[in-house]
Amino acid sequence: MKVNYFFLIFIVFLFSGCKNSRPKEEGNMLFQEKHRPQVHFSPAKNWMNDPNGLVYHNGEYHLFYQHYPEKPFWGPMHWGHAVSRDLVHWEHLPIALYPDSLGYIFSGSAVVDFQNTSGFGSEDNPPLIAFFTYHDPVAAEEGRRNETQSQAVAYSTDNGRSWTKYAHNPVIKNPGIPDFRDPKVIWHEETQKWVMSIAAGQVIQFYTSPNCIDWTYSGEFGEGKGSHEGVWECPDLFPLKVKNTDETKWVLIVNVNPGAPAGGSGTQYFVGEFDGRCFESDQEVTLWMDYGKDNYAGVTWNNAPEERRILIGWMNNWQYANEVPTEGWRGAATFPRELGLEKVGNRYLLTSDPVQEIEKIYGKKVNLNKMMISGTESISDKIPFPKAPIEITLTFNLANKTKMGFPNKYGITLKNSKGEYYTVGYDNIDRCFYADRTRATGENFSSSFPSLHFAPYIVREPEITWRMIIDVSSVELFAADGKAVISDLVFPSDIFDEIELFAENGRIEVSQGTVRKLKSIWK
């Protein structure tokens, strides 16, 4: 048989190119578009929403995400895939899970089955197991909503590079409710069982399993608790040690859409106890992880080193997610955050701070000298590099906050020459942080985007430090040791290149501050 060697060489070249195709092979041009975040993860092309399947394995943080690879808006859901060794720089990998005859691939989680309880791998090569929701579009179209969503399994024995769907999916059929989705699975050491949390309407249901395949309902949580203005989604359950104590509590994250304090989608949380079967909390007030408009569907990495609890969210809001003014891609992730738990009075508060790995992209640094702010004070001329992406840290002296002359409001404003601006401040009268995004975009793409929103927090400290990550299209504020957090998208015509500190009807001292250039994660 005659062989056409040129044809074979072509085929080898073609498949090699497909296998190793990455955005970097295109000179990173995909990551230079207007509004493209430079220090936050975003898809190479088209649509992204919820982060999925967060798991650490063999030195890699896996980030799967809801992805429609054909268009830059929501469509038939796949699991996109990326990996990182430092939570900052990401390598895009081929799509992990595709829709099939059972439906679209909705949100879920992933674990390392170290003991090979599933039988999908071996103890020498434990499998990665992905849990996801099948969403049947045919059943939905025909009005059979109580049959639309079920839970399924896939597994990988090659570090997540290829996936096999379990032959007998689904592993949990729909119990007869319209919304039944987003399985988050953890290993519960005390009972030696896997535990799955599922968003079921407006409660969280819990299931247990010895092998990741056979599941038994064990209880539910949520009736009469928290916000019920919208559908509950994307739960996460994990233990956290309380800061400066030997006490450990369980935290249950529940995303809700709509019903967030800033409007649209947001993330509430509950602190309580978990016995391996059911979660209980006597928390009487609704607590929110983030008071901005744009941190939703956040979940945490399983198996993170040193028992760290690291969360990443979808930096968008369902009020306008399909309309944001980006081209060729839509959707990004928040900067990864390290979670903690702190007891303040009789209340347990979840704290969030940028992961320490942000230091890997630190560039030039400017120290700000002590200054007294009265009216407005520009710091732009002190910063000899572009104003985005940057990190700003400011420590405000509050020792005189009970005396005359202390300002009604103080904070920071980002501006450009087009009259567009974004302000984040503290209101000393109403005792809350606030963000003014009423003029933070040059394009009128949604009436829900301009907004003024608030984060209640009573400042009792003599000093308070604000830490801000400013990217070309987002601002994230972490204040009071991560107890007050605001995450917002911004879409200015030109980047905000003017930075002003302000104090209204009084003055306040900035005792110290720094501004750091952040290097692009794509260059």
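## Ground rules

The model is predicted, so local features need pLDDT of at least 70 and side-chain atom pairs count only at pLDDT 80 or more, while totals for chains, interfaces and linings use all residues. Residues are numbered from 1 along each chain as its sequence is written, and side-chain values use heavy atoms, with hydrogens and water left out.

Helices (H or I, at least four residues) and strands (E, at least two) are DSSP runs, numbered from the N terminus. Two strands pair if DSSP finds at least two bridges between them. Strands of a sheet pair through backbone hydrogen bonds, either parallel or antiparallel.

## S2 and its two partners

Nine of its nine residues are buried, so S2 is largely enclosed by the rest of the structure. Here, buried means under 20% relative accessible area, exposed means over 50%, and partly exposed is in between (1.4 Å probe, protein chains only). Both faces of S2 are covered: one side has Glu 60, His 62, Phe 64, Gln 66 and Tyr 68, and the other has Tyr 61, Leu 63, Tyr 65 and His 67.

S2 pairs with strand S1 (residues 46–57) in the antiparallel sense over seven bridges; in one of these pairings, Pro 51 has Tyr 65 of S2 as its bridge partner. The hairpin of S1 and S2 has two residues between the strands, and Asn 58 takes a positive phi near 50° there. S2 also pairs with strand S3 (residues 78–84), again antiparallel and over seven bridges. Leu 63 has Ala 82 of S3 as its bridge partner.

## The S5 to S8 sheet

Next comes an open sheet of four strands in the order S5-S6-S7-S8, with antiparallel pairing. S5 and strand S8 (164–165) are the edge strands, each pairing on one side only. S8 pairs with strand S7 (residues 149–156) over two bridges, in the antiparallel sense, and Ala 154 stands opposite Lys 165 in S8.

Between S5 and strand S6 (128–135) there is a loop that holds Asn 116. Is Asn 116 buried or exposed? Asn 116 counts as buried, at 17% relative accessibility.

Strand S13 (residues 231–241) is mostly covered, with eight of its eleven residues buried. S13 pairs with strand S14 (residues 248–257) in the antiparallel sense over nine bridges, and Val 231 has Asn 257 of S14 as its bridge partner. Six residues lie between the strands in this hairpin, where Asn 244 takes a positive phi near 65°.

S13 also matters for the largest pocket's lining, giving the largest share, five residues. About 870 Å³ of space lies in this pocket. The lining has 28 residues, and the closest to the pocket's centre are Trp 187, Pro 239, Asn 303, Glu 307 and Arg 309. Strand S5 (104–112), strand S9 (180–188), S13 and S14 are the elements that give two or more residues to the lining. By type, the lining divides into 15 nonpolar, six polar and seven charged residues.

Some terms: on a 1 Å grid over the protein atoms alone, a pocket is an open set of points with protein on both sides within 12 Å along at least five of seven lines, and lining residues have an atom within 4 Å of a point. Grid points are joined across faces, edges and corners, and a volume is the space filled by probe spheres set on the points. Ala, Val, Leu, Ile, Met, Phe, Trp, Tyr, Cys and Pro count as nonpolar, Asp, Glu, Lys and Arg as charged, and the others, Gly among them, as polar.

## The S18 to S22 sheet

Last, there is an open sheet of four strands in the order S18-S19-S21-S22, with antiparallel pairing. Strand S18 (296–300) and strand S22 (347–354) stand at the edges, each with a single partner strand, so one side of each is left without a neighbour in the sheet. S18 and strand S19 (residues 310–314) run antiparallel and are joined by three bridges. Thr 300 has Leu 311 of S19 as its bridge partner.

Notes: 1 Å grid on protein atoms, 1.4 Å probe; cavity = no way out; pocket = protein on both sides within 12 Å on 5 of 7 lines; lining within 4 Å.
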